[in-house]
Amino acid sequence: MGRKVQRSLIQLIVFLGILCFILYLNRPQSTKDKPFAWGKIRYKTTSSIIPEARGICPGLAETTKPALIVSHVSTDGDPSWLEPLRTRYHLQVPANRGHEAMAYLTFLIDNYAEIPSASVFVHGSRWAWHNDIPDYDNAALLRSLNVDAALQPSGYSNLRCDWSAGTCPSSVPAQGSLEMRLSSAVSPWSARSASDIALPKALGHIFGGDSDARVDEINNAFHLHLGRNDAVRAQCCAQFVVSRDRVWQHGRDEYIALRQWLLDGSDDGVARNVQRGSRAAPGDDRVAGRIVSYLWHILFARIGYDGGIDLDQLNRDSCPSASECYCRLYGKCDLKCRGHGSCKGQYAIPKDYKLPVDWEETHS
């Protein structure tokens, strides 16, 4: 055998070996035999600093209307667009951490016993690229929202119907897949890729608790960690409506634990970073906030009789077709839709995920 042939043969064998190894690492893993242990938040903080209540809404128990919870920061601009919606209270949060998640969780914790039958959670900017309406106007979106219909059939709905910015399309790689890892490696600056890579471990920490023995016990009955090919399908951007029953399927202490998971990973002086490097949230707030944005539909999902969550059912519930969603939530029932994820003229991602600087001036 000539040297060239021998060298080519060796190279072929090495190539096939590497290919087989990659295929082995990325092989399908079955999750059909048991549900996921995502029905209860088990994270335990070691911090002795638990924030005091600062987000109480007086008279909430007497209202028959949905509550509107708005996470507003100074960069969201003038909040006067909310006045016609009759917002009444300015609440405080313990730290500027986790983006909208801190405001949402603080409301749920401080008003847990008085949660109304329905609550709508939104960002504080009126004009934003992620608002699922042709001109990106959150005020118009909220005016057209049918809250009662949105809560059918499961008691929770994201306010987005278009799939383009979330993980609903099957073309989006699973969070723990080799493809996602490679994407993160070539785009280390991407907060989205970093969040996707961090999600499987974060789910284990949030729902598994602080004890390896506890994790092993959970794993005997449920899946806890996502497999390499297990995808969490969800809409983006953390604007949603949820019923009281879905909120109350978790105890107040669980929402406190989730908020502490965020605080324990920060350097903001609230928890003094006591959990950095262990089971707390990533220090990068962009990553930590995005991870929680993946969790709302899990927290408010229908929990099985065994206390677990079926991933396939979760994904189906979280990603209704755009046509069904627009009809049910906003009464737009005669749209021309392209496949499951979009309808003509309803939404398009603006260039670079940003609206033009004069958008508010030209559309108010």
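The model is a predicted one, in which local features need pLDDT of at least 70 and side-chain atom pairs count only at pLDDT 80 or more, while totals for chains, interfaces and linings use all residues. Residues are numbered from 1 along each chain as its sequence is written, and side-chain values use heavy atoms, with hydrogens and water left out.

Two or more lining residues come from each of strand S3 (156-158), H11, H12 and helix H13 (322-330). Helices (H or I, at least four residues) and strands (E, at least two) are DSSP runs numbered from the N terminus. H12 supplies the largest share, with five residues. By class, the lining has 12 nonpolar, nine polar and six charged residues. In this count Ala, Val, Leu, Ile, Met, Phe, Trp, Tyr, Cys and Pro are nonpolar, Asp, Glu, Lys and Arg are charged, and the others, Gly among them, are polar.

From S3 the description passes to the strands. S3 pairs with S4 in the antiparallel sense over three bridges, and Ser157 stands opposite Val241 in S4. Two strands count as paired if DSSP finds at least two bridges between them. S4 also runs antiparallel to S2, with four bridges joining the two; here Val120 is opposite Val241 and Ser119 is opposite Val242. S2 is joined to strand S1 (residues 67-71) by five bridges, in parallel, and Val120 is the bridge partner of Leu68.

In a regular strand the side chains alternate between the two faces of the sheet. In S2, Ala118, Val120 and Val122 point one way, Ser119, Phe121 and His123 point the other way, and all are buried. Buried means under 20% relative accessible area, exposed means over 50%, and partly exposed lies in between (1.4 Å probe, protein chains only). In S4, Phe240 and Val242 point one way and Val241 and Ser243 the other, and all are again buried.

The structure holds 17 aromatic pairs. Rings of Phe, Tyr and Trp (its six-membered ring) pair if their centres lie within 6.5 Å, and planes under 30 degrees apart count as stacked, over 60 as edge-to-face and the rest as tilted. Tyr136 and Tyr347 have ring centres 5.9 Å apart and planes at 80°, so this pair is edge-to-face. The two lie 211 residues apart, Tyr136 in the loop between S2 and helix H3 (138-144) and Tyr347 in the loop between strand S6 (342-343) and helix H14 (359-363). Both Tyr136 and Tyr347 are buried. Phe240 and Phe300 form a tilted pair, 5.9 Å centre to centre with 50° between the planes. Phe240 belongs to S4, Phe300 to the loop between helix H11 (296-299) and helix H12 (311-318), and 60 residues separate them.

Two rings have a charge over them: the charged end of Arg160 sits 4.4 Å from the ring centre of Tyr347, and that of Arg244 sits 5.5 Å from the ring centre of Trp248. The criterion is NZ of Lys or CZ of Arg within 6 Å of the ring centre and within 35 degrees of the ring normal.

Finally, the backbone. A cis peptide bond, with omega about 0°, joins Gln152 and Pro153, and Pro153 lies in the loop between helix H4 (147-150) and S3. Cys237, a residue other than glycine, has a positive phi near 85°; Cys237 lies in the loop between helix H7 (212-221) and S4 and is buried, with a relative accessible area of 14%. Asp352, also not glycine, has a positive phi near 60°. Asp352 lies in the loop between S6 and H14 and counts as exposed, at 59% relative accessibility.
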